[in-house]
Amino acid sequence: MSTISEQDFIQVAEKLTNIKSEIQEFIVGQDEVIDQMLWTIFSEGHALLEGLPGLGKTMLVKTISEVLNLSFSRIQFTPDLMPSDITGTMMIQPDESGKQKFEFFEGPIFSNIVLADEINRATPKTQSALLEAMGEKTVTIMGDTKPMEKPFFVLATQNPIEMEGTYPLPEAQLDRFTCKINVYYPDRQSLKEIIHRTTGAEKPKLKKIMAIQDVIHIQNLVKHIIISDEILDLAVNIIAGTHPNDEGSCPLVKSYVQYGSGPRGLQSMINLAKARALFAGRFHVSIGDIKQVAKPVLRHRILLNFEGEAAGISADRLIDETIQWVQHEGALT
């Protein structure tokens, strides 16, 4: 904190507000989704967006990339897509002397923002092509490891209702996503505004608010946000409370959950909470930050048992119950 002034935080908070306002010039009625997307990006995470077709998931990702002035690639995932279609491949090319040599041709994954559109339509082998890039920020081709350009984010989409011909993401890959963001249907007023902005003669023009170095600078600032032991204990208790075998978990979790969140869920929760605090112009994480990021961070990390699936229990309800239980138990002790 000694090398970062209070003015730095104030200026960054203002710039982040300007970013959100600029995105809202084009994207209507998805304020919460925009917030969660920006928290994810500035905490160096990856996001999975789930929503019905036509809600603007692809357009949102593209808009964010334009406002942040980052390179953008869109990969349409299909059953016939191969891993090399994503990562790139080695091809034999003649050199200046006429001899044959292998030359690497980069795939679309070599961008700042990679949109994995309908990720669950590709086979598990192709889905796994993203794993190394998401976890290690590198890609290995024929034994040669190539670093990704910084910053690097995978923002994936999937449709919750069309399950025929899809390959659900395995739990290990889901855990690589910092958060899962639900994109909901807009209200009537938002629908009218969407029509006004998209069917008229004039189209909104986006301003480029940032550059690559600005994004990296803000990511570094997020790491300097302070979290107290009390707030960290709350986060730890929430994560532990998602496990049915933990003595501090609520009755609903004990009845309907098979597996809860692991350590990566706690890391994601703290990182996202720090980003939210910076957006609010604060130097420290609050209880409200933890509670607000809990659902997007944990909803894809809780695996229901058979009884939970049969009863139609949602992960969001379990998270709400866990937070209330943890806070109530903490108040008693």
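This is a dialogue about reading a predicted model of one protein chain.

Trainee: What should I know about the model before I start?

Mentor: It's a predicted model, where local features need pLDDT of at least 70 and side-chain atom pairs count only at pLDDT 80 or more, while totals for chains, interfaces and linings use all residues. Residues are numbered from 1 along each chain as its sequence is written, and side-chain values use heavy atoms, with hydrogens and water left out.

Trainee: How many helices and strands does the chain have?

Mentor: There are 15 helices and 11 strands. Both are DSSP runs numbered from the N terminus: helices are H or I with at least four residues, strands are E with at least two.

Trainee: And how do I read the overall dimensions?

Mentor: Along the principal axes, the C-alpha atoms fill a box of roughly 80 × 50 × 50 Å.

Trainee: What share of the 333 residues counts as buried?

Mentor: The figure is 46%. Buried means under 20% relative accessible area, exposed over 50%, and partly exposed in between, with a 1.4 Å probe and protein chains only. As for contacts (heavy atoms within 4.5 Å), take those with a separation of 6 or more: residues 24 or more positions apart account for 74% of them.

Trainee: Which residue with a positive phi follows helix 2?

Mentor: That's E44, with phi near 65 degrees. As a general idea, most residues other than glycine have a negative phi, and most peptide bonds are trans. N69 has a positive phi of about 60 degrees although it isn't a glycine. You'll find N69 in the loop between helix 3 (57-67) and strand 2 (72-76), partly exposed at 34% relative accessibility. E118, not a glycine either, has a positive phi of about 55 degrees. E118 sits in the loop between strand 5 (113-117) and helix 5 (124-127), and is partly exposed with a relative accessible area of 23%.

Trainee: Where is the cis peptide bond?

Mentor: Go from K150 to P151, where omega is near -10 degrees. P151 belongs to the loop between strand 7 (144-147) and strand 8 (153-158). While you're there, look at K146 in strand 7. K146 is buried, with a relative accessible area of 18%. Leaving out residues up to four places away in sequence, K146 touches M90, F104, F110, T138 and V139.

Trainee: How do I read a helix pair?

Mentor: Two packed helices are described by the angle between their axes and the distance between the axes. Axes are lines fitted to C-alpha atoms, for helices over the stretch in contact, and angles run from 0 to 180 degrees between N-to-C directions. Helix 9 (residues 212-223) and helix 12 (residues 263-279) pack at about 110 degrees, with axes 9 Å apart. Helix 9 and helix 12 are therefore roughly perpendicular; the cut-offs are under 35 degrees for roughly parallel, over 145 for roughly antiparallel, 65 to 115 for roughly perpendicular, and oblique for the rest.

Trainee: Which residues meet there?

Mentor: From helix 9, I218, L221, V222 and K223 meet N271, K274, A275 and L278 of helix 12. That contact divides into five nonpolar, one polar and two charged residues. Here Ala, Val, Leu, Ile, Met, Phe, Trp, Tyr, Cys and Pro count as nonpolar, Asp, Glu, Lys and Arg as charged, and the others, Gly among them, as polar.

Trainee: Is E230 buried or exposed?

Mentor: Exposed, at 59% relative accessibility. E230 is in helix 10 (residues 229-240), and its C-alpha atom is separated by 41 Å from that of P124, 106 residues apart along the chain.
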